[in-house]
Amino acid sequence: MREVVGEPMAVQRAAGFRNGIDVRVRLRRKGASSDVAFDGAWWPRSWDLAAELPELVAALGTLGVRVDRFTYPVDVWGTVYRKVTVSGRTVRAGGFTSMDAQLVSLTVDDDRRLDLLVVPPEADALTGVRALRLAGLREDRSSPQRVLAAAGSRPRPEVVPLTGVRAG
C-alpha cells in the first residue's frame, strides 16, 4: 500500500450521515464499569478509511464526543492522510502494525482514550446490530473476537432425513 501524504483531507458532509443513512456507532453506557476491553463499537460500511473516518468523527461529534486523534491497524485499513478535517476541525490519524485488527482507538476531549470494536463491514445486518448492542453493554474483559462470535447470526441446522432406518 502506498502512503498518502500532503495536504489534509477536507470533508464537508452533514454530521453522521451518508446519503441519509445514519453512521453506525455505539458507545458504552454512561456509568458503566471502566474495566472493559473496549468502549463501544463501530460498524463501518466499507474498509475505505478515507470515506469512513470523517463520518465516524462527525457522528461522534453529534454525541458530544470531540475526536482529536484516531489510530488504527494499518494492516487492515491501509494508510490515509495524517490529518483529516471534519466540519472545520482537524483530526490526526496514525496507523500501526501492532494494533488488534478488530479495534480502533480514539483520543477524545484532549486526553481520554476510547477503544472501539470494529464490526466488519461485510457482517450481515443481524450480526452487526447485535455486535453494536453487545459492545455497548459488555462490562467484562471480553475480547473483540468473543463479542463478534457472540453476535454472529447462526445458520439454522440442516435437517437431513434418514433413509433406510427402521424404528424399533
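A residue counts as buried when its relative accessible area is under 20%. In this predicted model, Y72 has 2% relative accessibility and therefore counts as buried. F70, at 0% relative accessibility, is buried as well.

**Aromatic rings**

The structure holds 4 aromatic pairs. In one of them, the ring centres of W42 and F70 are 6.3 Å apart and the planes stand at 90°, so this pair is edge-to-face. W42 belongs to strand β5 (residues 40–42) and F70 to strand β6 (residues 67–73), so the pair ties together parts 28 residues apart in sequence. Both W42 and F70 are buried. F70 also pairs with Y72; here the planes are at 25°, so the pair is stacked.

| Ring pair | Distance between centres | Angle between planes | Arrangement |
|---|---|---|---|
| W42 and F70 | 6.3 Å | 90° | edge-to-face |
| F70 and Y72 | 5.9 Å | 25° | stacked |

Ring pairs join W42, F70 and Y72 with W47 and W77 in a cluster. Another kind of ring arrangement involves W43: the charged end of R24 sits over the ring of W43, 3.7 Å from its centre.

D115 is located in strand β10 (residues 112–118). With a relative accessible area of 13%, D115 is buried, because the cut-off for that class is under 20%. The side chain of D115 makes a polar contact of 3.0 Å with the side chain of R113. Apart from neighbours within four places in sequence, D115 is in contact with A37, F38, D39, G40, V104 and S105.

Notes
Residues numbered from 1 in each chain as written. Predicted model: local features only at pLDDT ≥ 70, side-chain atom pairs only at ≥ 80, totals over all residues. Heavy atoms only, no water. Phe/Tyr/Trp six-rings, centres within 6.5 Å; stacked < 30°, edge-to-face > 60°. Helix = DSSP H or I, 4+ residues; strand = E, 2+ residues; numbered from the N terminus. Buried < 20%, exposed > 50% of the residue type's maximum accessible area, 1.4 Å probe, protein only. Lys NZ or Arg CZ within 6 Å of the ring centre and 35° of its normal. Polar contact = N/O pair within 3.5 Å; in protein donor to acceptor, adjacent residues only side chain to side chain. Contact = heavy atoms within 4.5 Å.
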